[in-house]
Amino acid sequence: MLAADSRNEVAERIGYITRVQSFSACHRLHSPTLSDEVNKRIFGKCNNPNGHGHNYKVEVTVRGKIDRHTGMVMNITDLKQHIEEVIMIPLDHKNLDKDVPYFANVVSTTENVAVYIWDNMVKQLPANLLYEVKIHETDKNIVVYRGQ
């Protein structure tokens with residue numbers, strides 16, 4: 001049974017769509033504002049001068065009204081294209097620190113990768129549609145960012 005408001009009209013339904021995409025990239029956790037000694041202490045083996053790589057899994061979730069005519073929050077094909085432009089083209093098989101200008105002065109932690117993806121996805125999507133960016137750096141390390 002559909003929910004109805006006090007005027008017996010069908011209430012708007014809110015839905016969430018999540019698209020999962022994987023990409024591979026390497027990086028080095030190193031802050032130019034810290035000494036080499038402090039970087040080694042904070043980042044440990046992830047501060048290796050030659051870097052290290054990950055097979056990241058990213059979940060991009062949008063939230064919005066389910067259109068009563070199309071039955072969609074948004075066309076998943078459009079979401080897939082935005083993910084291609086924001087994640088795959090600039091990040092896949094790249095050295096994040098050397099190939100992505102954003103990370104020239106920002107430490108390429110997974111938290112900052114999530115912020116990077118959020119900031120660029122929000123430019124592509126209709127206003128207030130992006131809900132969450134979740135990145136699985138490893139099976140045990142997961143970062144969630146919701147634009148706050």
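Reply: What follows is a set of questions about labels, each answered by setting a value against a definition.

Me: How do you know which features can be trusted to count here, and how are residues numbered?

Reply: This is a predicted model, where local features need pLDDT of at least 70 and side-chain atom pairs count only at pLDDT 80 or more, while totals for chains, interfaces and linings use all residues. Residues are numbered from 1 along each chain as its sequence is written, and side-chain values use heavy atoms, with hydrogens and water left out.

Me: Why is Leu 79 called buried?

Reply: Buried means under 20% relative accessible area, exposed means over 50%, and partly exposed is in between (1.4 Å probe, protein chains only). Leu 79 has a relative accessible area of 0%, so Leu 79 is buried. Leu 79 sits in helix 2. Helices here are DSSP runs of H or I with at least four residues, strands are runs of E with at least two, and both are numbered from the N terminus.

Me: What does Leu 79 touch, leaving aside neighbours within four places in sequence?

Reply: Contact means heavy atoms within 4.5 Å. By that rule, Leu 79 is in contact with Ile 17, Arg 19, Val 60, Val 62, Met 74, Met 121 and Leu 125. Gly 44 is elsewhere: Leu 79 and Gly 44 are 35 residues apart in sequence and 37 Å apart in space, C-alpha to C-alpha.

Me: What makes a group of residues a nonpolar core?

Reply: A nonpolar core is a set of buried Ala, Val, Leu, Ile, Met, Phe, Trp, Tyr and Cys residues joined through side-chain atoms within 4.5 Å. The largest such core here has 32 residues. Phe 23, Leu 79, Ile 87, Ile 117 and Met 121 touch the most other members. At least two residues each come from strand 1 (14–27), strand 2 (52–65), helix 2 (76–91), helix 4 (110–124), strand 4 (130–136) and strand 5 (142–145). Helix 4 gives the most, with seven residues. In soluble globular proteins, nonpolar side chains tend to be buried together.

Me: Which residues does Met 121 touch, not counting those up to four places away in sequence?

Reply: Met 121 touches Val 60, Leu 79, His 82, Ile 83, Val 86 and Leu 130.

Me: Why is helix 2 called oblique to helix 4?

Reply: Two packed helices are described by the angle between their axes and the distance between the axes. Axes are lines fitted to C-alpha atoms, for helices over the stretch in contact, and angles run from 0 to 180 degrees between N-to-C directions. Helix 2 and helix 4 pack at about 140°, with their axes 10 Å apart. Angles under 35 degrees count as roughly parallel, over 145 as roughly antiparallel, 65 to 115 as roughly perpendicular, and the rest as oblique. The value of about 140° falls in the rest, so helix 2 is oblique to helix 4.

Me: Which residues make that contact?

Reply: Helix 2 brings Leu 79, His 82, Ile 83, Glu 85, Val 86, Ile 87, Pro 90 and Leu 91. Helix 4 brings Tyr 116, Ile 117, Asn 120, Met 121 and Gln 124.

Me: How do you know whether Leu 91 is buried or exposed?

Reply: Leu 91 has 0% relative accessibility, so Leu 91 counts as buried. Leu 91 is in helix 2. Leaving aside neighbours within four places in sequence, Leu 91 is in contact with Phe 23, Ser 24, Ala 25, Val 86, Leu 96, Val 100, Tyr 116 and Ile 117.

Me: Where does UniProt place the feature "active site"?

Reply: The unreviewed UniProt entry places it at Cys 46, His 93 and Glu 137. UniProt positions are given in the numbering used here, feature names are shortened, and annotations may be inferred rather than shown by experiment.

Me: Why is Cys 46 called partly exposed?

Reply: Cys 46 has 23% relative accessibility, so Cys 46 counts as partly exposed. Cys 46 is in the loop between helix 1 (36–43) and strand 2. Not counting residues up to four places away in sequence, Cys 46 touches Arg 28, Leu 29 and His 52.

Me: Why is His 93 called exposed?

Reply: His 93 has a relative accessible area of 64%, so His 93 is exposed. His 93 is found in the loop between helix 2 and strand 3 (94–95).

Me: What makes the phi of His 93 worth a remark?

Reply: Most residues other than glycine have a negative phi. His 93 has a positive phi of about 55° although it is not a glycine. Asn 128 has a positive phi of about 65°, and Asn 128 is not a glycine either.
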